[in-house]
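User: I am new to this structure. Please walk me through the terms and what backs them.

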Amino acid sequence: MKAEDIFKDLELKFENLKVKGNTLPRYKAEVQPDKLEEAIIKFKSNGFNHFVALSCIDWIKDEKFELVYHLFSYEEKEDVFLSIFLPRNEPKYKTLRHLFPQIETYEREIHEMFGVEFEGNDRLGEFILEDWDNMPPMRKDFDTVKYGKEKYESVPLINEGGEKE
Amino acid sequence: MIVDWLIQAGLVALYLFLAVVIGLLFMGIARKVTARVQNRVGPPVYQNFLDVGKLLAKKTNIKHNWIFDFAPLFALAGVLLALAYLPMGGYKMLSGEGDLILLLYIMAIPALGFALGAGASANPNAGVGVMRALMLMLSYEMPFLLVLLALMIFYNTASLSTLLEKQMSFAWGIVALPISALAADLALQGMMMEKPFDIPIAPHEIASGPLVEFGGKYLGMLMLYSAGSIVLETTLFVDLFLGGGVVLNPAHYGIIAYVVNYLVWFVFIFIVWMIAVLINAVFPRFRIEQAFKFYWKWPTVIAILGLIQAYIMSVFMGVVP
Amino acid sequence: MKEFELFVGPQHPGITGNFMYHLWVDGDTIVKAEAHPGYLHRGFEKLMERRTWQMNVALIPRICVPEPDVNEAVYAMGVESLMDWDIPERAKYIRTIVLEMARISSHLLTIGGYAGAIGLYTVGQWTVGDRDYLLDLFEQLTGARVYHIFIFPGGVRWDLPDGFLRKLEKVLNYLEGRLEFYDKLLFANEVFFRRAPDVGVVPKDKAIEWGVTGPNLRACGYDYDVRKVDPYAAYPDLDFEIPHYPKFGDFDVLGHGCDCYSRMIVRRLEIEQSIKILRQVIKKIPEGPHTLKLPNPLAWKVPAGYAYARVESSKGEYGYFVVSDGGKMPYRVHVRGPSYTHGINVTETIAKGLNIADFSQTIFSLDVCAPDIER
Amino acid sequence: MNENPLPSVIPDKEWKKIQRMLSKRSLWMIHFCTGCGAMEMPPVMTSRYDMERFGIIPMATPRQADLMLVTGYVATKTLKRIVRVYEQMQDPKYVIAFGSCPINGGIYWDSYNIIKRLDKYIPVDLYIAGCMPRPEAVMDAFLKLMKDIDEGKANGWMRYRKYYDQYKRNQMRIFKRWDE
């Protein structure tokens, strides 16, 4: 089933993304957060069974996080991006790891890097970072230069008693 | 009397020392040969002497328990004791009736010491490695015992020195019992822990296994141990099947015979070692249960065939060396 | 028997890069595995948001160290999609040359690493030594051995140097001759036949759902390859096959697919196909400019929008999800590395029930590249 | 202020010279790929450059190693492992920092997860600059290190013992917990 038809069934508006280099069409649609699971199940049962990636975008001006679920169909050869928007002050969503197992890993990363909470995923927690003591680093208001200066450059050199640096 | 005894002791010490030196040299040569197979230049042949020297000169900042400290000594002492029972170039240090069977047990001592120390370090990698090493020992001893049985039946002796004499007067084991010799060489590959049977020390799987916690002086001692065991195992094969390299009878030629026999023995163990090294360079390693299956299948069948041959030759055909 | 814990990595020879698996082992069998990434985390996606579109070209190759060129290509394609640029034909062909050379060199490294994992160090020494001929070519072409920074949005940095194609042909002939040696030593080795088949099996019906891509997917019997499915660069004009289980040509089909054996044979056959592709490119490469006329680098503004570009790397599908808000810097770039699924989810699942002796060869045959997991 | 700073060359007895001569000819390297520089290690180890000519071979465990190559950038999570591996190695031990990143952060100067200077946390005997250093540069570094060992200049392990409290203090500013 073509993606356009599925979108029609689900009554979603979609846009075409520009493609150069690659050739396949890419469709992007915004979904209501409560309808997402249903939409992904619909796509999955119609051949879109390759879950490519889950990306998170921090739209700080709009006070929103955008989660982009990216699906691909080897049969129809079409890419579909389903995006949902979450409020930035209290980002919370349910886990979808039962649909595709690798979503679990993406959710763990997004939880750590953006601070998005996924209810039902029990493996959230320390994943890539260790001993982290600040706001999630991929948020737009996190200043990596300032943090680096405070944390690393303030560490003194070893004083070996000889010449001073 | 005392002088004789001293000379004897000095000779034993010299032979054992030379055995370890030869072992280190062989390790160096193996590295060079492997490097040439791999399109490389490789280290100098004396590299392993430098390595041992460096290891023995290192400081030690590990402390597990006294068994761990004791293990490398135990292993080294065990291998030296076993070496003393093996005639090298026809020179007998310790011998006795039935030392062929005794040797089997003595050869297990260093491996056990090694296992003890590795177990005492409480590293899981070492534990797995020890388990694998013991399992491997169990596998290759089956064909090896059958080979020994064939030799004992054919030559009608359980003493190494008698075996050497009979091989010199009649025919070498490899000529008389070629099938058993093949089985023994297969078992030897496992005994020396060369690929495809270097399972206990597989670095990619268990980070060099039993050796994982040994460093510095401990490792230096273990390196001497493995140098000794290379000579031990190759000499065992040479003594069993190549007449121990004895070409001149010491009773007739005296000291010259010892020197010539020593050189011939050296060439023989070198050849046996090179075969093992070249096989080592071109094979991946088995899994432990595959090695076990392999040993209880092919080498065992070959060894049984060799046993049948020995039995037929000595009992039905009446060939008595 | 009581379970014990085993740590494979970060300091361990049996691991591909700085990465760690925490294993719970019962006897010789793994009962549970947990991946711990993060030892190589540099915050690329954050750093890219702080650099202009052009400065990023120098940063991104460092994401996947064994095969950096795919990053450049896929980033360039993403930017071109947003800018609506059609790159010249010659640039497409030059990109193809770079990508295929990178594929061969990465596969050689993987085969060597895999052979090392099952204990055959000689093959590793040979393949890595032969790979240096390709690195020399890269050096002549781009000026660097590892990080080439050669593929640029709009084309490539400069044209092929004189005599490059002749030299490439020579190296290809040499490599083709060397493949026979690898075949004899590794791919026809009795011990390899006993160890690799039916080890580390990814269930065929789950493979696509789990996000397995690239040679690992083809080893399961699917002939999906981004070069054919979603073609880019000069691949539509070129004639090549997609080796997949059970079409192994001269090699025996052992095992039931999806295992270490099939994965390695697929990689071996892909080298052959890459050589074939490069030979066609040498014949077909058109004349013309190697790059578009680029705008002023200080005032590069990329129109707002989303774009996704993907290429087939030696490890699987490599994609960049590029988001621009119309500014001088990317708003967000999300890197979809193939090892992200292979290294964490797939390995954690298939490790259960594996012998510890086979764990290392499984992750080597999956070709897990640690730096592209954590970026 | 320390009253008697370590002299750059240690006056020694004869046997120390022998020890240094031995240890420079048989440097065993720990097999630890800490960063992207690990990519240039296979060529250095294998047939084209062949570091085994100088007796340098990779070792599987820190107990057996004398030389640690910190190949490239050091993330905070890796630093803890580097320190642990370094402390498990037997004296005398040497550290070579590989590439621009352990010197000042290199291209990751503004990253939040990269410690910028390695020698604040463990003593470094030798730096190789460049991104990435070519295998020739690595070989040159090995030869330089051998020369330094011979002259008694490579004494990072002694400095680590002497200024242990300072090193530990710096390390603990990065780690929140050590016993894990």
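User: What makes chain C and chain B neighbours in contact?
Analyst: Residues are in contact if their C-beta atoms, placed from the backbone, lie within 7 Å. By that rule, 26 residues of chain C are in contact with 23 residues of chain B. By class, this side of chain C has 13 nonpolar, 10 polar and three charged residues. Asp, Glu, Lys and Arg count as charged; Ala, Val, Leu, Ile, Met, Phe, Trp, Tyr, Cys and Pro as nonpolar; the others, Gly among them, as polar.

User: What should I know about the model and its labels?
Analyst: This is a predicted model, where local features need pLDDT of at least 70, side-chain atom pairs count only at pLDDT 80 or more, and totals for chains, interfaces and linings use all residues. Residues are numbered from 1 along each chain as its sequence is written, while chains are lettered from A and ligands numbered from 1 in the order written.

User: How do you know that β2 of chain C pairs with β3(C)?
Analyst: Pairing takes at least two DSSP bridges between two strands. Seven bridges join β2 (residues 20–26) to β3(C), running antiparallel. One bridge partner of this kind is Thr29(C) in β3(C), for Asp26(C).

User: Why does the size of chain D agree with a compact globule?
Analyst: The rule is 2.2 Å times the number of residues to the power 0.38, with the radius of gyration taken over C-alpha atoms. For 180 residues that gives near 16 Å; chain D has 16 Å, so the two agree.

Note on methods: Two residues are in contact if their C-beta atoms, placed from the backbone, lie within 7 Å. Helices (H or I, at least four residues) and strands (E, at least two) are DSSP runs, numbered from the N terminus.
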